[in-house]
Structures are given as C-alpha cells and as structure tokens.
Amino acid sequence: MGTLRLGDTAPDFKAETSMGTIQFHEWLGDSWGVLFSHPADFTPVCTTELGTVANYYPEFEKRNTKVIALSVDGLQSHLEWIKDINETQNTTVNFPIIADENREVAMLYDMIHPNASEKFTVRSVFVIGSDKKIKLTLTYPASTGRNFEELLRVIDSLQLTANYSVATPANWKHGGDVVIVPAIPDSDIPSKFPKGHTPIKPYLRMTPQPNL
C-alpha cells in the first residue's frame with residue numbers, strides 16, 4: 001500500500017477491537033472519524049493519550065466524530081491495559097482499540113515506518129470525513145504525545161470549511177474571524193456573508209465565523 005493522501009478514500013477493513021468486531025466504514029456510518037495509532041500497550045505516553053481522548057470524548061461527540069485507536073498488541077492486552085488507563089487517568093475508555101496483531105490495518109494505513117521502528121506503529125492520526133475521504137493526516141514520533149486540543153481545532157476548521165466558502169487563518173479557534181476564499185468575488189460577499197466583512201487586501205478578506 002502506498003502513502004495515503006488527502007482526498008483519498010480511507011481504506012475499509014474488518015478488525016477485532018476492545019468493543020467487538022467492526023467493519024470500519026459501516027462502523028463510521030454518517031459520522032466523521034479519527035483513527036489514531038499508538039506504538040504499544042502498557043507504555044507511558046500512550047496511556048496519557050488514550051486517557052486524554054476518553055476525557056475529551058464528549059467534545060468529539062459534539063462534532064459528530066467517532067474515535068478509534070490501534071496498536072499491534074492483542075485483544076487481551078488491550079482489555080488489561082484499559083484498566084490501567086481508567087485507573088491512572090481518572091477516566092473510562094469509551095471508544096474501541098483495534099487489536100492489529102497481524103499488522104493488516106497498520107500496513108493499509110502505512111503506520112509502520114521501518115527507519116523509526118520495524119515492529120511498532122508511529123503515532124499516526126487520520127481524520128476522515130463523513131464521505132469516507134481522508135481530510136487530515138498527522139504523524140508524530142513515539143517520544144512525542146499528541147495535542148488533542150489541536151485535533152479538535154482542526155476538526156472544527158474542516159467541518160466549517162466543508163460547508164462555507166471560507167478558510168481558517170493561522171492559530172484560528174472556534175469563534176474567531178475567518179478568511180473568505182479568493183474564488184468569491186466582492187460582489188457576492190454581501191449575500192453570502194451577511195455579517196459583513198473587512199477587506200485588508202484584495203485577496204485577504206475577513207468575516208465573522210458564519211455558522212454562529
């Protein structure tokens with residue numbers, strides 16, 4: 001499998017998880033999805049990451065987004081490890097963890113980078129739209145835990161820009177002003193953006209977030 005790129009259809013698969021067998025596309029349904037891998041069970045950074053996702057789960061639900069984790073450890077290992085995550089992170093893991101012992105999903109999504117580790121997955125993130133297309137990818141090394149507030153921020157941006165002719169500027173957060181895309185002529189702005197806009201340059205026109 002080659003590298004997956006933005007706009008590609010996320011590969012479908014059947015897998016055992018800590019919450020039963022799933023068919024990925026069927027499990028996603030009409031939701032957005034986040035598929036993220038971690039190098040191994042019973043490791044410190046991964047424990048904090050999965051605990052953080054569990055604590056943030058209501059925020060993903062608000063965004064109609066399902067989350068699913070993966071490592072190349074087995075199902076029994078996952079189930080035992082979840083007990084540790086719940087205990088140490090003061091949470092309840094309420095999303096599935098894929099048991100990818102044969103590395104089928106890891107290979108499908110190019111999660112094993114041999115020059116980093118021949119055995120373990122890197123910290124991959126795939127954000128998948130309701131159309132099953134890959135909208136965003138992130139890759140972190142094993143030594144660096146991910147920022148899940150940033151993940152929520154980019155989901156906000158992806159969902160906003162999928163529905164409106166806008167883009168989000170640097171460091172944008174939900175509620176901030178957005179950029180009107182250059183393809184919209186000035187003459188169309190009043191009807192499309194009734195909250196008004198601020199022209200800074202002909203190509204840089206700001207408007208309040210349109211879906212608030």
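**A guided look at a predicted model**

Visitor: How many helices and strands does the protein have?
Guide: There are six helices and 11 strands; helices are DSSP runs of H or I with at least four residues, strands are runs of E with at least two, and both are numbered from the N terminus. This is a predicted model, where local features need pLDDT of at least 70, side-chain atom pairs count only at pLDDT 80 or more, and totals for chains, interfaces and linings use all residues. Residues are numbered from 1 along each chain as its sequence is written, and side-chain values use heavy atoms, leaving out hydrogens and water.

Visitor: Where is His113?
Guide: You will find His113 in the loop between α4 (104–108) and β6 (123–128).

Visitor: Why is His113 called partly exposed?
Guide: Its relative accessible area is 29%. Buried means under 20%, exposed means over 50%, and partly exposed lies in between (1.4 Å probe, protein chains only). So His113 counts as partly exposed.

Visitor: Which residues does His113 touch?
Guide: Leaving aside residues up to four places away in sequence, His113 touches Val122 and Thr139; a contact means heavy atoms within 4.5 Å.

Visitor: How far apart are His113 and Leu35?
Guide: They are 78 residues apart in sequence, and 17 Å apart in space from C-alpha to C-alpha.

Visitor: What share of the protein counts as buried?
Guide: Of its 212 residues, 46% count as buried.

Visitor: And what span does the C-alpha trace have?
Guide: Along the principal axes of the protein, the trace spans about 60 × 40 × 30 Å.
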